[in-house]
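The following exercises concern the architecture of a two-chain protein model. Each consists of a task and a solution worked out in steps.

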Amino acid sequence: MPLSRHIDADSVIEQSKEHPHKKHLVHSRSGLHQSWSRDEDAQLVPKYELPAVGIPSRSAYHLIHDEMNLDGNPTLNLASFVHTWMPEEATKLIMETINKNAVDLDEYPASQVIHNRCVSMIANLWKAPKDAKAIGTATAGSSEAIMLGGLAMKKRWQEERKKAGKDYFHPNIVFGANAQVALEKFARYWDVEARLVPVHAETDFVMHPPDALQYIDENTIGVMVIMGSTYTGHFENVQLMNDLLDEHQAKTGLDIKIHVDAASGGFVAPFAYPTFKWAFDVPRVVSINTSGHKFGLVYPGLGWILWRDEKYLHKDLIFELHYLGSTEYSYTLNFSKPAAPIVAQMYNFLNLGFEGYRKIAIKDLRNARTLSRALEKTYFKVLSNIHKPAEKPATAVASEDDPENFQRGLPVVSFMLSDAFKAEYPHVQQVWIQSMLRGKGWIVPNYGAPPAEEKSEMLLRETLSADLIERLVTDILEVTEGLMSSGGLATMAAATSTVGLHQPDQVHGRPDQSNFADGAQGSGSEMGQSTYAKQC
Amino acid sequence: MALSKHINADRLLQEARDHKAHSHHFTGHDKSKTTHAYGARYGTDPIPKYQIPSKGTDADSAYQIIHDELALDGSPLLNLASFVHTWMPPQADKLMAENISKNLIDQDEYPMTQILHTRCISMLAELWHAPSSKQAIGTATTGSSEAIQLGGLAMKRIWQEKRKAAGKSIHEPGPNIVMGANAQVALEKFARYFEVECRLVPVSVESKYRLDTKKAMEFVDENTIGIFVILGSTYTGHYEPVKEMSDLLDEYEKKTGHSVPIHVDGASGAFIAPFATPKLEWDFRLPRVVSINTSGHKFGLSYVGVGWVVWRDKAHLPKDLIFELHYLGSVEYSFSLNFSRPAHPIIAQYFNFIHLGFEGFRAVALSDLKNARLLARALDKSGYYTVLSEVHQLVNQPGLLENTKKAVGIDEEDVENYAPSLPVVAFRFSDKFKQEHPDLQQKWIQTLLRAKGWIVPNYELAPGLESIEILRVVVRENMTEALMDRLVTDIIEVTEDIAKTNSPMHALASSSNPRGSARKHDGHIGEGSGRARSGTYQKTC
């Protein structure tokens, strides 16, 4: 029996090309009379090294434009929280400002003024105390923002320990195991021990504040509370964490502060649940981050972080920038960065106002509820909670639409095959649904739940317009029912196998996997990472 | 005698507005009033500056308000202070607009974007002579700051692992890093944020305002995680001698057994040196160079928002720092400080690579350098100024015999005849001019040029030389010969004008703060909130 051999697609392509005898003829630009000559030009473009001679800008445009068609359609990407649409006026503004550098205050003072106003607006939105000086900055995204928040906490802890003459080399930070990978990244890059609080089904897959207490000691620089779990959309209870930490302080004297990772929730909670306490109206919250490019409704490349008061930022972390006749202060990991996303954020603030953001949040939540109910009525168990009635229904119900009538959360629906379905069709794997939906254009990812609950897999999605929701429900049901028949099985087994998958471009010119994983997948780092490490 | 009183502009405006009888009507948004697009609701009513308006305004007016307000920004073309590139061909603009909503890290959804990213890394590794472009690894960043911090962090982690393996403490004494005092602030930021002692090597006139390699060796010890060598000082454009540093460290290793790696901060130079002076050895050809960073948005000719860092091989990027990202059927590895980030700057960079090719980049670099030489010579010859940069300094080309040189003369167009440098011209008042006009301040030139539209900053040099002030011009692609001509004329005119003590310009020069007042309010932080500067370069770059 012959051993099967792997075929290298690159070499097959090379062999199949025509090999003219007169090689130099190929290199002549015979196609110049055409408006553009992609094929003639593209032939000479090497993929992995800088071409010796360039090609006309038009051909370069078409070459790349065509290649980009292989990317997915952002609208149908239900896996990502990242916003993908802005009105054309906003796009116009962005293109006008695309070459402006946000740190160049000399040259672009107006952009800086807009940045400062955005910070003020967000501070107001998050109820920063009037008697304190809230400060903040734009970042490239929530990752940078979380690192800045964590670093500020670490520095504060270090200074206090130094003052007390104690060892300041072994800090730790506490957060739920449902955290996004950026939180863990902060811990690892800044030599802070990450203490993950396990989560499970009873705690709605988010950190249950009483569970966190046992992880706290004198070396804890702070607790990160997540407003909107990336897995299920549940909000963690900031107020309860605050109260427990108050008690804890009374007992032990340790003053532990909270950073709220509101990457998604920071622009949902204030609009959908205006009376809900989670922001600077909770005393222990010293800093909050959010992503402008999630529910702030801006294109990728924008995050925000704010501190309750400037005293929470140690002097050592702040750099002075000297400009013509004035001094500015900066605290960021990036220096030069585009001003366009900040301008776009201001556009949204003006264009939508509080009312507009609220409308969108309410609509997102309504669509998510529709989807949740539809799924629950069929073959699935829904893990997210936004469609469940609130324990204490709002007394003055403005309308049936008011999200206060339901449990609070992000417009996210995460679901799994119901136990009844699994019992009846044990051969159906949930991951197949993902692949089948992809065939229809939808990207609905299938993830493992956070560590403590390894068995259950779930799907997560963000909301869309009502008619797309209807379409999605239909497609999900169709796909699931298709799998129930045994005929669909063989197809699936073949379609979802990744063994035969070969992407030469992905492999070529790229470090070998063995560079990191010693040949085995899943061992990319020695410490073993466990937080949410997918796109978000 | 009356004390002068400061007028609060905000209150003045408040008092000057029309006051309706029922002030709460202000907050209500009467839809019927929104009839004309221009400015619409906010044409006369105040824009809520510090909180989100309770109700929005229509898209057209929101656009117009912000668009008009941004007119107060300067013209990027005339900004000679910045290294950041501000022009791309319309086709590139179009590509960027098409891809503006794409997220680089979302592999599931945008696989092709990721492939372009991979190709860019390969191209850079190749360009910088990585021993094997398959072994080299790297990543796009938001800019050089992120790239430098990643490079530094990798060196720190390797040092930590080495110390731990040897059973030594990693805290006392802690790690340190060595760099010239002319470093850009990002380098110092790395040291401060990641708790590495920052050892700044003083610069001097003799060291050409940049790292003195011999002096640097006095700062190196067993806890030195590495040396940042800067290819292209932000102050004067001088390249630091990477090869010289590397040789000295080789000697040091032979003597002590400590191997100290080099990270090259090629924020500007890594896109100039390979094209203009391909023979210059500064990159992975030197085995001690473990990582290099650059800014795509400087001489990589892309818009702001893209930087790169490449390591020579996996051995220099500790596993511990790499995070796994799981996607449909594949696992990706990432090392970055940002996660979600726009894909379009990377697409723009790739566009430049295939559109310009090596030849195109070389042509741009050569013409930048040529224009810089023109400016430098003109300033030198004027007698008013002394040029500190060496972009126009002739050097002896090895291999060329003296008498051949005499016979044929020097080819002034040949870049190889000049000291390798960034297209930057740093200059100051000549000693003679200062003697003749001791009362003139150099920073006045900055203000006067600004009135003509040019932004030419006046800086103090790095610590050790802070008594010397320089004016600096960065010659970028869009600084054409025609504009250069105009600039030289304006500089000379302004200088001569200011030298006449009875000229009205003289008085004008004292108003050095044309825009400062605009920013007094909105969330301004009090003086002295930052730590005193240690003197690295912390202006725009």
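**Exercise 1: Domains of chain A**

The C-alpha centres of domain 1 of chain A and domain 2 of chain A are 31 Å apart. The structure is a predicted model, in which local features need pLDDT of at least 70 and side-chain atom pairs count only at pLDDT 80 or more, while totals for chains, interfaces and linings use all residues. Residues are numbered from 1 along each chain as its sequence is written, chains are lettered from A and ligands numbered from 1 in the order in which they are written, and side-chain values use heavy atoms, with hydrogens and water left out.

Task: State the bounds of the two domains of chain A and describe the interface of domain 1 with domain 2.

Solution. 

Step 1. Domain 1 of chain A covers 92–346, and domain 2 is made up of 357–393 + 400–496; such bounds come from an automatic or database domain assignment.

Step 2. Domain 1 and domain 2 of chain A bury about 2,400 Å² between them, with 70% of that area on carbon and sulfur atoms. Buried area is the accessible area (1.4 Å probe) that two parts lose on being put together, summed over both.

Step 3. By class, the side of domain 1 that touches domain 2 in chain A holds 15 nonpolar, 13 polar and no charged residues. Here Ala, Val, Leu, Ile, Met, Phe, Trp, Tyr, Cys and Pro count as nonpolar, Asp, Glu, Lys and Arg as charged, and the others, Gly among them, as polar.

**Exercise 2: The interface of chain A and chain B**

Task: How much area do chain A and chain B bury between them, and how many salt bridges does the rule find?

Solution. 

Step 1. Chain A and chain B bury about 13,600 Å² between them, 57% of it on carbon and sulfur atoms. Leu50(A), Tyr189(A) and Phe319(A) supply 6% of the area that chain A buries against chain B, more than any other three residues.

Step 2. The contact (heavy atoms within 4.5 Å) takes 149 residues from chain A and 141 residues from chain B.

Step 3. Seven salt bridges are found across the interface of chain A and chain B. In a salt bridge between Arg157(B) and Asp191(A), the closest N and O atoms are 3.0 Å apart.

Step 4. Helix 6 (residues 109–125) of chain A contributes 12 residues, the largest share of the side of chain A that touches chain B. That side divides into 68 nonpolar, 48 polar and 33 charged residues.

**Exercise 3: One residue**

Task: Is Val473(A) buried or exposed, and which residues does Val473(A) contact beyond its neighbours within four places in sequence?

Solution. 

Step 1. Val473(A) belongs to helix 15 (residues 466–484) of chain A.

Step 2. Val473(A) counts as buried because its relative accessibility is 15%.

Step 3. With neighbours within four places in sequence left aside, Val473(A) is in contact with Leu371(A) and Ala374(A).

Definitions and conventions. Helix = DSSP H or I, 4+ residues; strand = E, 2+ residues; numbered from the N terminus. Buried < 20%, exposed > 50% of the residue type's maximum accessible area, 1.4 Å probe, protein only. Salt bridge = Lys/Arg side-chain N within 4 Å of Asp/Glu carboxyl O.
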